[in-house]
Amino acid sequence: RPNRTGEHKLVRRPKHFFRDDGSMPDHVTLRFARPKSFEDLSAKEWTGLLAKKIRAVEMRAAAACGRLNLHPIGACRVLAQRPTSRPRSREPRRQTNPRVAAKSIWKRVELLQRDRSFLRAYRAARAMLAQGYDYVPFPDGSYWMRRFMAAVCNVDWGPHPELAA
């Protein structure tokens with residue numbers, strides 16, 4: 001919000017957020033101005049309009065919280081909390097695997113099947129590597145093996161030719 005002159009405000013860089021030798025300036029000057037389409041309003045009309053719009057947004061947010069049965073505690077109660085406190089209750093365990101999320105149940109099933117196929121191919125490749133095979137293609141998505149073990153990744157997640165019986 002504008003200072004007493006209503007035009008500019010000098011803002012100093014907080015010491016605890018930035019390095020003294022950093023690239024951020026020591027201070028900046030903020031200029032407050034109304035959008036051109038509202039310049040014809042008096043200061044009282046302008047602040048009244050802003051207050052009305054802010055109240056409308058707050059009322060919509062409160063209505064949304066009511067519909068969702070949410071009860072925000074507010075800034076004062078948040079700041080009054082101890083930083084070491086924790087909830088008394090535990091979060092309920094989830095029934096679905098959080099590795100995959102999709103609104104469509106069929107898409108979720110497809111992704112879970114694809115994930116199982118990847119894990120099967122990855123485990124088979126790891127087993128072959130442990131058995132001493134020289135060339136072991138890992139399925140695409142085997143980031144760690146590709147990055148740190150220089151493993152070859154392929155697109156086909158089917159069984160390795162040597163594993164096919």
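**Close-up 1. Asn69 in the loop between α1 and α2.** Asn69 lies in the loop between helix α1 and helix α2 (75-80). The view is taken from a predicted model, in which local features need pLDDT of at least 70 and side-chain atom pairs count only at pLDDT 80 or more, while totals for chains, interfaces and linings use all residues. Residues are numbered from 1 along each chain as its sequence is written, and side-chain values use heavy atoms, with hydrogens and water left out. Helices (H or I, at least four residues) and strands (E, at least two residues) are DSSP runs, numbered from the N terminus. The phi angle of Asn69 is near 60°, a positive value in a residue other than glycine. Asn69 has a relative accessibility of 57% and is therefore classed as exposed. In this classification, exposed means over 50% relative accessible area, buried means under 20%, and partly exposed lies in between (1.4 Å probe, protein chains only).

**Close-up 2. A positive surface patch that includes Lys52.** Lys52, Lys53, Arg55 and Arg60 form a positive surface patch. Patches are made of residues with over 30% relative accessible area and no salt bridge; like charges are joined within 9 Å, and nonpolar side chains (Val, Leu, Ile, Met, Phe, Trp, Tyr) within 5 Å. Lys and Arg count as positive and Asp and Glu as negative, whereas His and the chain ends are not counted. The place of a charge is taken as NZ of Lys, CZ of Arg, CG of Asp or CD of Glu. Accessible areas come from the Shrake-Rupley method with a 1.4 Å probe, and for residues only the protein chains shown count as cover. Lys52 belongs to helix α1, which spans residues 43-67. With a relative accessible area of 56%, Lys52 is exposed.

**Close-up 3. The salt bridge between Arg13 and Asp26.** The side chains of Arg13 and Asp26 form a salt bridge, with an N to O distance of 3.0 Å. This pair links distant parts of the chain: both residues lie in the loop between β1 (8-12) and β2 (27-31), and they are 13 residues apart. A salt bridge is a side-chain nitrogen of Lys or Arg within 4 Å of a carboxyl oxygen of Asp or Glu. Arg13 is buried, with a relative accessible area of 11%, whereas Asp26 is partly exposed at 49% relative accessibility. A polar atom of the Arg13 side chain also lies 2.6 Å from the backbone oxygen of Met24. A polar contact is a pair of N or O atoms within 3.5 Å; within protein, one must be able to donate a hydrogen and the other to accept it, and residues adjacent in sequence count only if both atoms are side-chain atoms.

Close-up 4. The structure holds three salt bridges in total. In one of them, the closest N and O atoms of Arg19 and Asp21 are 3.6 Å apart. Arg19 is exposed at 61% relative accessibility, and Asp21 is exposed with a relative accessible area of 67%. In the pair Lys107 and Glu110, the closest N and O atoms are 4.0 Å apart. Lys107 and Glu110 both belong to helix α3 (residues 105-130) and are three residues apart, about one turn of the helix. Lys107 is partly exposed, with a relative accessible area of 39%, and Glu110 is partly exposed at 43%.

**Overview. The elements of the chain.** The chain has four helices and four strands, which run β-β-α-α-α-β-α-β from the N terminus on. Of its 165 residues, 11% count as buried.
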